[in-house]
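Dear colleague,

I am handing over the structure we spoke about, and you will find it just below. After it I have set out what was found, element by element, so that you can follow along in the viewer.

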Amino acid sequence: MQVHLHFYQGYPPRQVENAMTLALSEWYDIMGINPWHGFQLSNELMPLDSKCNTLTCERAWMDADRVGRHEIRRAINRAEELLYQYLNYWPTKRRQEVTLQYPRLGNHALHRFTNSDPTGRWISLQMPDGYIQSLGYTAESTPVLSDIAYSDLDGDGLFETATIVTTVPSGTLPGEVVVQFASGDLGALPESPDIPVRKVTIVGTTATILIDSWNLVCPDKYQKARCQALNPNSFYAPHGNNPKPPKPHQYVLAYDANVFRRRTDPTGTTQDTAQAVLIWESEPYPTWSRCCYNFASDNTSDPSALRYAIARGGVRDSRAGIIYLGDSVYDVDSQTWSGRISWLECRAPDRVIVRYEAGSTDNAWKTVIARLAAAELTRPICACTNANKELAEWQWDLSRNGGTDEVYSSPQDLTNPLGARRGHIHAWRSIQRLQRTIGFLA
């Protein structure tokens, strides 16, 4: 039995993104900033031993001399968006859903009669992104609330390592494991950010996850009006009949977290989960006379009415962002797909919705993102340049006039569209070497 799972009227879903950006802890590492102090953690084992060695608050208004974590995250996102604008691909992996015009013949008076190109292959589509990794929708498994255990592996008194041992779905890869804060630790946050993980090991369906402890400060601890030091050794340690306290609790670090699998799933069989969805607009006739899916009971003259059909395909050229698609029918009994080739009784679709994962996997872009984000910040982490020398290096404005060797720069560097700071110039040089260009045949 063959079942067409794709007869709908309505409006196309909006574009969505699932960003996998440079983590704040990675930015601290590249900039040479103490992660404990960067996440507002300090005690006698990790003291603030000078005026230059200060905490980073959540927001800049908590301390007029320094930027906060919120401003740093925003600068990281801004840096990635600038790189995408000129590279024509994301420097980090993203999951996208975009709506594109279906490819038309050069002569618009002509219409396609087959779902194939002149070489006999499925029709190609040029995506707005390069480095297409795979087609499919974002699938997430049911979160498992898992306990967190803290340990001091180097014996310095600071419990820098958090370990989670939990069950994950069969077939899960280490890169698909996601950890998020439990809802009781979020405070006023509407949803949890992803927690960066240090290492994931999976044996069967058992995952062992290692996390740097400074990434596990409960978000509700950052939501007070005053910026105060938090104790990095404040965590729940089970012993005897010591029960877990109810949330919100007095501990700084989380004692449990949600763990689940997030992946790009190419096997979706519905309009909401398929790799792609073809869209037909209605025509100024009383029937859907030229739509591939025409039933008398569904005839309409409504100009806003739409028809949908599921499509599947693959990646033809990853870096260039070229994919191919074909109208598909799913057989429920055999659980197989078959492609529809002939359009002799109808016209080609007007638009197509495509779901995919795209973005560079080159870790070298993390350094470029970090330096560009530093240049986008308007203030340093603290008032002393010596305490954030790396940050000050990439914030230096090379367009300034003065009597030091810092003022020299190539005239070509100062005309780049990103800005005149050293981080801007470094990013622009990287863009010029590695940007993706798209040509058009006139």
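Which residues in helix 4 meet which residues in helix 6? On the helix 4 side they are Trp365, Val368, Arg371, Leu372, Ala375 and Glu376, and on the helix 6 side they are Gly423, His424, His426, Ala427, Ser430 and Leu434. By class, the residues of this contact divide into six nonpolar, four polar and two charged. The axes of helix 4 (residues 364-376) and helix 6 (residues 422-434) come within 7 Å and cross at roughly 145 degrees, and the crossing is left-handed. Please keep in mind throughout that this is a predicted model.

Helix 6 also packs with helix 3 (residues 69-87), at an angle of about 35 degrees and with the axes 10 Å apart; here the crossing is right-handed. Leu83, Tyr86 and Leu87 of helix 3 make this contact with Ala427, Trp428, Ile431 and Leu434 of helix 6, and by class it has seven nonpolar, no polar and no charged residues.

As for the protein as a whole, its secondary structure comes to six helices and 18 strands, and 45% of its 442 residues count as buried. Of the contacts with a separation of 6 or more, 71% are accounted for by residues 24 or more positions apart.

The largest nonpolar core has 61 residues, and those with the most contacts inside it are Trp27, Ile72, Leu83 and Ile209. If neighbours within four places in sequence are left aside, Ile72 is in contact with Leu24, Trp27, Tyr28, Thr56, Val67, Leu377 and Ile381. A second, separate core has 20 residues, among them Val98, Ile123, Ile132 and Leu278.

One of the contacts of Ile72, Tyr28, is found in helix 1 (residues 24-31). Is Tyr28 buried or exposed? Its relative accessible area is 0%, so Tyr28 counts as buried. With neighbours within four places in sequence again left aside, Tyr28 is in contact with Ile33, Pro35, Gly38, Phe39, Thr56, Arg69 and Ile72. The C-alpha atoms of Tyr28 and Ala370 are separated by 8.8 Å, although these residues lie 342 residues apart along the chain.

Turning to the strands, why is strand 13 (residues 256-265) described as largely enclosed by the rest of the structure? The reason is that nine of its 10 residues are buried. Strand 13 pairs in the antiparallel sense with strand 6 (residues 137-140) over four bridges, where Thr138 stands opposite Thr264. Strand 7 (residues 144-147) likewise pairs with strand 13 in the antiparallel sense over four bridges, and five bridges join strand 10 (residues 177-181) to strand 13, again running antiparallel. Asn258 in strand 13 stands opposite Leu145 and also opposite Gln180.

Finally, there is an open sheet of four strands in the order 8-9-12-11, with antiparallel pairing. Its edge strands, each of which pairs on one side only, are strand 8 (149-151) and strand 11 (199-203), and neighbouring strands of the sheet are turned by 20 degrees against each other on average, direction ignored. Three bridges join strand 8 to strand 9 (residues 161-167), which run antiparallel, and Ser151 has Thr161 in strand 9 as its bridge partner.

With best wishes

Definitions and conventions
Residues are numbered from 1 along each chain as its sequence is written. This is a predicted model: local features need pLDDT of at least 70, side-chain atom pairs count only at pLDDT 80 or more; totals for chains, interfaces and linings use all residues. Side-chain values use heavy atoms; hydrogens and water are left out. Two strands pair if DSSP finds at least two bridges between them. Helices (H or I, at least four residues) and strands (E, at least two) are DSSP runs, numbered from the N terminus. Axes are lines fitted to C-alpha atoms, for helices over the stretch in contact, and angles run from 0 to 180 degrees between N-to-C directions. A crossing is left-handed if the near helix is turned anticlockwise from the far one by less than a right angle, and right-handed if clockwise. Contact means heavy atoms within 4.5 Å. Ala, Val, Leu, Ile, Met, Phe, Trp, Tyr, Cys and Pro count as nonpolar, Asp, Glu, Lys and Arg as charged, and the others, Gly among them, as polar. A nonpolar core is a set of buried Ala, Val, Leu, Ile, Met, Phe, Trp, Tyr and Cys residues joined through side-chain atoms within 4.5 Å. Buried means under 20% relative accessible area, exposed over 50%, partly exposed in between (1.4 Å probe, protein chains only).
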